[in-house]
Amino acid sequence: MKVEVSNLKKYFGSTRAVDDVSFSFASGQVVGFVGPNGAGKTTTMRILATLDEPTAGQAFIDGVSVIEEPELARKLVGYVPDSLPTHRDISVHEYLDFFARAYGLKGAKRRQTVDGIEEFTNLSGIRDKMLVALSKGMKQRVTLARALLHDPPVLIMDEPAAGLDPRARIELRELLRVLSGQGKAILISSHILTELAEICHGAVIIEHGKILMAGGIADLLSDSVPRRTVLIRVLSRQEELHRELLQMHGIETARFNGEEIAAEVSGTDEACAELLAVLIARGYRVVEFKQQRANLEEIFMNVTKGVVQ
Amino acid sequence: MTAEAELSNSTQTKLKFAERFDDWLNPIVVKELRQAVQSRFVITALLVLLAIQIIAVAIYLMTTADISFSYDAGRTVFMILFGIMLAVSMLFVPLYSGVRLAAERSETNLDLLFITTIKPRSIIFGKMLAAVVLTVMIFSACLPFLTFTYFLRGVDLPSMAVVLAIGFVSVTLSAQTMVFLACLPVGRAFKFMLGVFGFILMVIGYVSTMATAGGMLWEGVGSKIGSMDFWQWVGIIALNYGFQIGLLLALSIALIKPISANRALPVRLYLTIVWIFGGIAALLGSWVEATHDPVVYWQASFNIVFAFSIFTAISERDWPGASVLRTLPESSGKRLLRFFFSSGSANGLAWTVSMIVATYGVCWIWWRLFPNVGSLAELVGSTRWLTVMNLYLFCYALTAAFLRRHWLTRIGTKWTWVICLMLVAIGSIVPFLIGLLVYLNDSDWWREDYGIWMVGNPFVWDVAAHRSLYLSVGSFWAVLAIAFNLQWFLERIRGFHAQSLSDKNQSERLE
């Protein structure tokens, strides 16, 4: 099962909301869709969910074109929009039962599916509560439950963690882990990048409708940041090492806090390895040489310019 | 088999039937009714209605001292109760259905429904059916009070039944009108204006329903039931309501369909079917009654519908969506038929023009076949008038479309109707104003020549002295407009096949 977006374009008049976007991901992968507001994330996601039509390009879910065969594609996608359900005078169970009917589930199968999803999303205890009386976190669970009713192999989630408290976020993250473990392909957009990095296998960074960077999280972390921060601790001659590092070619800054030195090395892992070799060659007794990994937030800040359409 | 086992079998059969019935129900109806019975607003409205009715009856009975001698007490009380019930129903049911749908449409709730397997027609039928059930609920709650009036004398059961039926249909039509208005994809401010417009429509509907109901109650239906005229009248009213409800349903379905879908299909299919059957009925009626009146009514109704259709057609998307093109048949004959019923500006214009020409053709043949039948002048006059009106609107539409494509490219296709309306206004007013300035001091101008300066007005056929001028200008303009748009139109025909999908993707069709 593969989701493939190829040269997707969406223009609103002269505004290029999505401009030649291509990426792909497969079953069991959680992919973060990252970008500033107005970058084109929601538009791309709506096209994948068959709610909008692109100006040009294609998007396939398991080989089914979402543009040419939207009816077929809809069976393969569960969509979680960036807004929460607002229906009045309807309980959680009635809401899910309604959507199960809308997905064509009948009789005992419908009852079993709704009960199963309620249990999976931990909604069984509040199934008779009115939707409007629920907290944001609970409403988000209901939305996720609704998207899972027809057991889609692909989940498209637009800002599912927005406005949730830490507990609700952690619970959502756990649910996504389980879903990913079940083999679902998940595309998730969020502004909470630290959380994305924890659950995502890959990320697509988009700005001004164009993809700036895409790939596995590990690759992005190693490729995108042009310098590395290395924490160095030596048994003796620490101040001397600090002075030496400041004069060394390829070292941008070095800070000494009395215990260890944080040095910023320009270049990739190669440069770090070279620095370690130099230190040992110069007789420093290195007890700790730890590379501080860049996080998704740092990558995001590095590659995006904050351009909003 | 024991009695217990038999009982268990029968219970199981009933349960299975109930389950099947439950599965068969439209999900929207189930949801809407679940929400309605749990809504404080609905319950309060029902209780208030019943309280008002009790109070109204009590006040009437207490203030009318000689009630036992009055022969129209039942009729008066029925009218009061019916008025209250109709006011509440016509205000409450359409507002409840319309506002809910508008709210769902402005949020993402409807989007979520689109990505299920439910069809847009099920959504609209469901909303409509839920409104009907709510109306039945309100009418049922009021029925005991209304029945009570029978015992006060002055009202017969057939009149009560017919008046209730008229009220029921009026509420249903109002609800469907509000559902249609709620489906329009407009902003909040415009939605509010539409709400006000809908409210005015409902008030007009209420007043006319009450006037009809009053007339029927005072004249009494019982004595007329046996006459053919009465049933003819009922038939015409029912067909009229049916046509309006059907058209609103088809338009609402088209409006909520996803943009990639063939939105034009339900509306054009519905209008074509009604045009055919309505035409047959009108011709038969004209033949039986020996008057052209039914044909006049038929052609006038449809020519007005086609006038609106011209504006809609030029505002449709430039190309049909990929999902529409993908399903096109290989056979060129079948594809040609699909061309007329697919979304797209060129497709819409082709369908509308064909229908206008066909309407004129049918009327022309009919008045040639039956020149001695009554209302011939009305048929010829109204058909020519409305056809020339549509010829002018067609010219304006093609000019607007051409201007938008070449010079007003920043304006989206969906706003072409606004350009067209502006052109109609300019074309109707500017020549007349020039004439007014030229002949400012000529008092005879008003009596003689002003018609020449109305040449840009699509509705001016009534000025008989200059008809040949209007027709010549209209025809010449139509030839020019067609010539300027021909290449665009031919490209749309050539591109109307499944193979063109990949080419179109390459060439990035901008909306």
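**Ground rules**

I count residues from 1 along each chain as its sequence is written, with chains lettered from A and ligands numbered from 1 in the order in which they are written. As the model is predicted, local features need pLDDT of at least 70 and side-chain atom pairs count only at pLDDT 80 or more, while totals for chains, interfaces and linings use all residues; side-chain values use heavy atoms, without hydrogens and water.

**Entry: where A meets B**

I began with the contact between the chains (contact means heavy atoms within 4.5 Å). Chain A puts in 44 residues and chain B 39 residues. I then looked up the buried area, which is the accessible area (1.4 Å probe) that two parts lose on being put together, summed over both. For chain A and chain B I noted about 3700 Å², with 51% of that from carbon and sulfur atoms.

Next came the polar side of the interface. I found 12 residue pairs in polar contact between chain A and chain B, both residues at pLDDT 80 or more. A polar contact here is a pair of N or O atoms within 3.5 Å; within protein, one must be able to donate a hydrogen and the other to accept it, and residues adjacent in sequence count only if both atoms are side-chain atoms.

Which elements of chain A supply at least two residues each to the side that touches chain B? I listed strand E1 (2-12), strand E4 (56-61), helix H2 (70-74), helix H3 (92-102) and helix H4 (107-120). These are DSSP runs numbered from the N terminus, helices being H or I with at least four residues and strands E with at least two. H3(A) gives the largest share, 7 residues. By residue type, that side of chain A splits into 17 nonpolar, 10 polar and 17 charged.

**Entry: salt bridges**

My rule for a salt bridge is a side-chain nitrogen of Lys or Arg within 4 Å of a carboxyl oxygen of Asp or Glu.

Then I went through some pairs inside chain A, sorting residues as buried (under 20% relative accessible area), exposed (over 50%) or partly exposed in between (1.4 Å probe, protein chains only).

- A:Arg127 meets A:Glu118 at 3.3 Å, N to O; A:Arg127 is partly exposed at 27%, whereas A:Glu118 is buried at 1%.
- A:Arg177 bridges to A:Glu174 at 3.1 Å. The two are 3 residues apart in helix H6 (residues 166-181) of chain A, so about one helical turn separates them.
- A:Arg282 bridges to A:Glu244, the closest N and O atoms being 2.3 Å apart. A:Arg282 lies in the loop between helix H10 (269-281) and strand E14 (286-292) of chain A and A:Glu244 in helix H9 (residues 238-247), so the pair ties together parts 38 residues apart in sequence.

**Entry: cores**

I take a nonpolar core as a set of buried Ala, Val, Leu, Ile, Met, Phe, Trp, Tyr and Cys residues joined through side-chain atoms within 4.5 Å. The largest has 109 residues, and among those touching the most other members are A:Leu144 and B:Leu113. Leaving out residues up to four places away in sequence, A:Leu144 touches A:Val80, A:Leu155, A:Met157, A:Leu172, A:Leu175 and A:Leu179. A second, separate core has 61 residues, including B:Val267 and B:Met454.

**Entry: two buried residues in chain B**

B:Glu316 is in the loop between helix H11 (293-314) and helix H12 (322-326) of chain B. Is B:Glu316 buried or exposed? I have B:Glu316 as buried, at 16% relative accessibility. The B:Glu316 side chain reaches the backbone nitrogen of B:Gly344 at 2.8 Å.

B:Ser286 lies in helix H10 (residues 264-289) of chain B and is buried at 2%. The side chains of B:Ser286 and B:Trp366 make a polar contact at 3.0 Å.

**Entry: positive phi**

A:Asn122, not a glycine, has phi near 60°; I found A:Asn122 exposed at 56%. B:Ser375 has phi near 65° and lies in the loop between helix H14 (345-369) and helix H15 (376-406) of chain B.

Technical notes
Ala, Val, Leu, Ile, Met, Phe, Trp, Tyr, Cys and Pro count as nonpolar, Asp, Glu, Lys and Arg as charged, and the others, Gly among them, as polar.
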